[in-house]
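Trainee: I would like to learn how to read a few features of a fold. Could you take me through them one by one?

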Amino acid sequence: MADPVASVKDVFERHIPSRLQAKPDVVAKIGAVYQFDIAGPDGGRWSVDCTTPGGKVQPGSAPNAKCTVAATDQDFLAIVNGRLNAQMAFMSGKLKIQGDMGLAMKLQQIL
């Protein structure tokens, strides 16, 4: 990624939608719904639906999510911007995953 993402909201409104649009084959291969629960003043809840062609990102919770990702706003931005390794963040408890771990591993393709 050329420019660092400035806010969590920007990740879900611009960054992820553009990545989904650029990689329709990856969206089709994933074929599941992710839930993101980002804590902190810049956080929020979003779902990323890879079951629809082209994928869809929307605010709020997804009751049918197969994988839930939780982190603080600071840690999540650091992961997206490449300043924090996602596996290290998971091992140190900064990144929490619930549900399908195989889907969690596929996330790096769209983040």
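Mentor: Happy to; we will look at a helix pair, a pocket and a salt bridge. Please keep in mind that this is a predicted model.

Trainee: Let's start with the helices. At what angle do the axes of helix α1 and helix α3 cross?

Mentor: In general, two packed helices are described by the angle between their axes and the distance between those axes. Here, helix α1 (residues 8–22) and helix α3 (residues 73–80) have axes that cross at roughly 45° and come within 9 Å. The two helices are therefore oblique to each other.

Trainee: Which residues make the contact?

Mentor: On the α1 side they are Val8, Val11, Phe12 and His15, and α3 brings Asp73, Phe76, Leu77 and Val80.

Trainee: Now the pockets. How much space lies in the largest pocket?

Mentor: The general idea is that rolling a probe the size of a water molecule over the atoms shows where empty space is left. In this model, the largest pocket holds about 520 Å³. It is lined by 22 residues, and Ile79, Ala86, Gln87, Ala104 and Gln108 are the closest to its centre.

Trainee: Which elements give two or more residues to that lining?

Mentor: They are α3, α4 (86–91), β5 (95–99) and α5 (101–106). Of these, α4 gives the most, with four residues. The lining as a whole divides into 16 nonpolar residues, five polar and one charged.

Trainee: And how many salt bridges does a search of the whole structure find?

Mentor: Side chains of opposite charge can pair when their charged atoms come close. The search finds three salt bridges. Lys9 forms one with Glu13, where the closest N and O atoms are 3.9 Å apart.

Trainee: How are Lys9 and Glu13 placed in helix α1?

Mentor: Lys9 and Glu13 are four residues apart in α1, so about one helical turn separates them.

Technical notes:
Residues numbered from 1 in each chain as written. Predicted model: local features only at pLDDT ≥ 70, side-chain atom pairs only at ≥ 80, totals over all residues. Heavy atoms only, no water. Axes fitted to C-alpha atoms, helices over the stretch in contact; angles between N-to-C directions. Parallel < 35°, antiparallel > 145°, perpendicular 65-115°, else oblique. Contact = heavy atoms within 4.5 Å. 1 Å grid on protein atoms, 1.4 Å probe; cavity = no way out; pocket = protein on both sides within 12 Å on 5 of 7 lines; lining within 4 Å. Points joined across faces, edges and corners; volume = space filled by probe spheres on them. Nonpolar A, V, L, I, M, F, W, Y, C, P; charged D, E, K, R; others polar. Salt bridge = Lys/Arg side-chain N within 4 Å of Asp/Glu carboxyl O.
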